[in-house]
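Welcome! Please take a moment to look over the sequence and the model below, and then we can walk through a few of the features together.

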Amino acid sequence: MLGREHVSISVATVIPFIVPLIFSGNVDYQLYYITLLIAVTVGSLTPDADCGGKPKLYYDFKLVYDIMVPLQKAVIFAFKNLSLKYELNLEHEVNSRHRGIMHAPIGIFISSLILTLIAAIIGFAIYQAINAAIILFIFLGLLFGQFLHLLEDSCTVAGINWKFPFGTKLVNGKIHTFPKIKGKKDIRPMVYQQTLWLITILLVLGFSFDIIDFSQWSLYPLIVVSVTAAWVFIILASRTDYGFWYQDAGKIRKARKSAKRSF
Ligand SMILES: [Zn+2]
């Protein structure tokens with residue numbers, strides 16, 4: 001999946017949880033959800049540091065990219081020198097699948113931890129103080145953003161090996177990041193974004209017209225159920241191969257342009 005699709009789908013997954021906090025009117029929450037949102041955005045791009053070429057992370061968050069590249073090599077080195085139960089062939093997998101250790105649960109956990117630690121050190125150097133809650137939000141945001149990246153890549157043909165490097169459990173879908181048929185575009189990443197944004201739109205309307213309020217006990221369980229349902233749809237749809245998913249790329253470009261103009 002493309003970098004901007006990762007950002008958009010991941011952010012759209014997290015925003016519904018933030019909308020009630022925005023409407024609560026409590027400014028104390030602001031710092032926390034802005035931190036969380038930034039961390040999720042960075043996290044949604046971080047795993048692609050192990051892909052060849054220059055990913056979106058390189059252009060948008062060069063500092064994170066510069067940390068990730070040597071970190072990834074260090075992790076591979078560390079694993080190579082540990083006598084693990086399963087024979088590891090990290091370098092080979094990295095090269096042949098274009099997805100390495102950072103596209104695995106263990107990789108995202110290690111990198112979230114290291115990046116949070118670096119953020120904490122930088123924060124301490126600037127403010128001479130540590131805000132434990134902020135540090136926690138940075139860690140959770142990075143981890144969740146990266147976890148969503150793995151889920152999103154699990155919808156593509158290349159897929160994700162969730163057990164890497166300890167075994168093989170390849171989970172994949174039928175989405176081609178780069179079009180399989182010339183001139184046709186897989187509209188699924190677009191549909192996924194819209195499905196998730198719909199939850200945010202409904203929440204904003206609900207709050208605006210006083211249909212929902214912040215103290216309602218069922219609010220967060222409802223958001224969890226809606227976002228989970230959207231993700232079940234995302235995963236299931238990625239397994240299908242209907243002709244409907246592949247639309248004329250030129251037409252989509254034209255529709256996008258006219259939508260922009262009408263704004
Ligand atoms: Zn990826």
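The crossing of helices α1 and α2 is right-handed. Keep in mind as you look that this is a predicted model. The axes of α1 (residues 3-23) and α2 (residues 30-45) come within 8 Å and cross at roughly 160 degrees. An angle over 145 degrees counts as roughly antiparallel, so that is how α1 runs relative to α2.

Which residues bring the two helices together? On the α1 side they include His6, Val14 and Ile18, and they meet residues of α2 such as Tyr33, Leu37 and Val40. Sorted by class, this contact has 12 nonpolar residues, five polar and no charged.

## The zinc site

Next, find the zinc ion, which is coordinated by Asp48, His103, His149 and Asp153 at 2.0 to 2.3 Å. Both histidines use their NE2 atoms, and both aspartates use OD atoms. Along the chain, the donors follow the spacing D-x54-H-x45-H-x3-D.

His149 and Asp153 both lie in helix α7 (residues 132-153), and because they are four residues apart there, about one helical turn separates them. The four donor atoms subtend angles of 87 to 176 degrees around the zinc ion, so the arrangement is irregular.

## Another helix pair

Helices α8 (residues 188-208) and α9 (residues 219-238) pack at an angle of about 165 degrees, with axes 10 Å apart. They are therefore roughly antiparallel to each other, and their crossing is right-handed.

Among the residues in contact are Tyr192, Leu196 and Phe207 of α8, along with Ile223, Trp231 and Phe233 of α9. This contact comprises 14 nonpolar, three polar and one charged residues.

How values were computed. Residues are numbered from 1 along each chain as its sequence is written. This is a predicted model: local features need pLDDT of at least 70, side-chain atom pairs count only at pLDDT 80 or more; totals for chains, interfaces and linings use all residues. Side-chain values use heavy atoms; hydrogens and water are left out. Axes are lines fitted to C-alpha atoms, for helices over the stretch in contact, and angles run from 0 to 180 degrees between N-to-C directions. Angles under 35 degrees count as roughly parallel, over 145 as roughly antiparallel, 65 to 115 as roughly perpendicular and the rest as oblique. A crossing is left-handed if the near helix is turned anticlockwise from the far one by less than a right angle, and right-handed if clockwise. Contact means heavy atoms within 4.5 Å. Ala, Val, Leu, Ile, Met, Phe, Trp, Tyr, Cys and Pro count as nonpolar, Asp, Glu, Lys and Arg as charged, and the others, Gly among them, as polar. Donors are N, O and S atoms within 2.8 Å of the metal (3.2 Å for Na, K and Ca); water is not among the atoms, so sites may look incomplete. Four donors count as tetrahedral if all angles lie between 85 and 135 degrees; four count as square planar and six as octahedral if opposite donors are over 155 degrees apart and all others between 65 and 115; anything else is irregular.
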